[in-house]
Amino acid sequence: MMSRRLWLLSQITRRMWFRAGLFSVLAAMTALVAIVLAPYIPSDLSAKIGADAVDNILSILASSMLAVTTFSLSTMVAAYSAATSNVTPRATRLVIEDTTTQNVLATFIGSFLYSLVGIIALSTGAYGSTGRVVLFAVTAGVIVLIVVTLLRWIDHLSCLGRVTETTARVEQAAADAMRLYRQRPNMGASPPVDVPASARPVFASRIGYLQHLDVQALSDIAERGDGRIFVEKIPGAFVTPVDPIAFVEGGEVADQENAIRACYTIADIRSFDQDPRFGASVLAEIASRALSPAINDPGTAIDVIGRAVRLLAIATEPTDSRQEIAFPRVHVPPIAIDDLFDDLFTPIARDGAGLVEVGVRLQKAMLALSRLGPPEFARNAARHSGLALERASKALTIEQDIAILRDLAKQVTTER
């Protein structure tokens, strides 16, 4: 499992300013490298290749890159606004973290800064005739990079912020978290056990959502105290100072509890990384918004149902049953399959109860899940099939539509 420091570092690298800042520093260094390489360039090469024209080229790059960067920023803001209004605000973060968009913006800003530094250095006479040759060659490479980036950007704009593309990003984030959970259902720790009466509760220091849990750090604490730690709250849980986040057995009281609290990253919003249920909830929210009277897009809800089946199917993928427990002194509860079913299908069944096409897709999804997974899947599929049928029976007005759903629900029940 990723430690808290590495996880925080990964959050920083996803921020838009990180790539833009990194490209800007590299651009400034690239513009100045010509001064270092100038002594190694033949003095007559400048006249042969027309390196004196680099002044005009850099001026054109500086003015055009500033305009292109401003246009790209306005386009990105429009895409984020579209994702917020047409999909869900919870998915906007994934759109902002899109690597293609960040690389494009970083390239444009870096090219602008490269041109600016080059113009300033040229005006001071720091390059000389031979330094201009190196600057000319590097500028030619920058132009090629800009052209390639523009072509990628034009292609990427066709899908940026679109409902299908954003939904696919949410599914991918949820699938990554689900695979991580499937590989280590207890986050590499021991399964949960009854908490002994001698164990002391540890409470959160603030109110919010648990974004990340550093299980390895918890294991180190338990090793030093020659005791055990019983985790009560896993990523995605809403914690308060009155509910215990863990119980600890053994070790020093004050220092140990503070160290345990430091292993819990609590924030105002949930994170996709260690929380498959958050991705499932966002998928269901996309479907619910699509089913609202203002949007009236049952096709998106049907698409989400298919993605939900794929997401749950990950929980049935084979794993190495002989995998050793990495942190035996820490006990972490797994995610309940019942909760995942509820997160995914309850909102869709509620908001799509009056649409027979949504009901049919829900019943077929339950039938597929009842056949796909273990008995726990069949039980939950039958439960949600019955609930969806009950909601549809109260919302639909044509008996023939209800009969279709009833026949499909009967097949789900037969599969148990």
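Let's begin inside the protein: a search of the whole structure turns up three cavities of 30 Å³ or more. Keep in mind as you look around that this is a predicted model.

The largest cavity holds about 140 Å³ of space. Its lining is made of 16 residues, and those closest to the centre are Tyr 181, Met 187, Gln 274, Pro 276 and Ile 335. Sorted by class, the lining of the largest cavity has twelve nonpolar residues, three charged and one polar.

Now move to the second largest cavity, with a volume of about 40 Å³. Its lining consists of Ala 349, Gly 352, Ala 353, Leu 355, Gly 359, Leu 362, Ala 388 and Ala 392. Two elements give two or more residues to this lining, namely helix H14 (356-372) and helix H15 (375-395). By class, six of the lining residues of the second largest cavity are nonpolar and two are polar, while none is charged.

Helix H14 deserves a look of its own. Its 17 residues reach 24 Å from the first C-alpha to the last, close to the 24 Å expected at 1.5 Å a residue. Buried residues of H14 include Val 358, Val 360, Gln 363, Met 366 and Ser 370. Gly 359 and Leu 362 are also buried in H14, and you have already met both in the lining of the second largest cavity.

From here, turn to helix H12, residues 298-313. Why does its length agree with expectation? At 1.5 Å a residue, the 16 residues of H12 should span 22 Å, and the end C-alpha atoms are 23 Å apart, so the two agree. The buried residues of H12 are Pro 298, Thr 300, Ala 301, Val 304, Ile 305, Arg 307, Ala 308, Val 309, Leu 311, Leu 312 and Ala 313. And what covers the buried residues of H12? The cover includes H8, helix H11 (276-290), helix H13 (337-351), H14 and H15.

Let's finish with some strands. Strand S6 (residues 244-249) runs antiparallel to strand S2 (residues 200-203), and four bridges join them. To find your place, look for Arg 200, which stands opposite Val 248 in S6. S6 also pairs with strand S4 (residues 228-231), in the antiparallel sense and over four bridges. There, Val 231 stands opposite Ala 246 in S6.

Technical notes
Residues are numbered from 1 along each chain as its sequence is written. This is a predicted model: local features need pLDDT of at least 70, side-chain atom pairs count only at pLDDT 80 or more; totals for chains, interfaces and linings use all residues. Side-chain values use heavy atoms; hydrogens and water are left out. On a 1 Å grid over the protein atoms alone, a cavity is a set of points where a 1.4 Å probe fits but cannot get out, and a pocket is an open set with protein on both sides within 12 Å along at least five of seven lines; lining residues have an atom within 4 Å of a point. Grid points are joined across faces, edges and corners, and a volume is the space filled by probe spheres set on the points. Ala, Val, Leu, Ile, Met, Phe, Trp, Tyr, Cys and Pro count as nonpolar, Asp, Glu, Lys and Arg as charged, and the others, Gly among them, as polar. Two strands pair if DSSP finds at least two bridges between them. The expected span of a helix is 1.5 Å times one less than its number of residues. Buried means under 20% relative accessible area, exposed over 50%, partly exposed in between (1.4 Å probe, protein chains only). Contact means heavy atoms within 4.5 Å.
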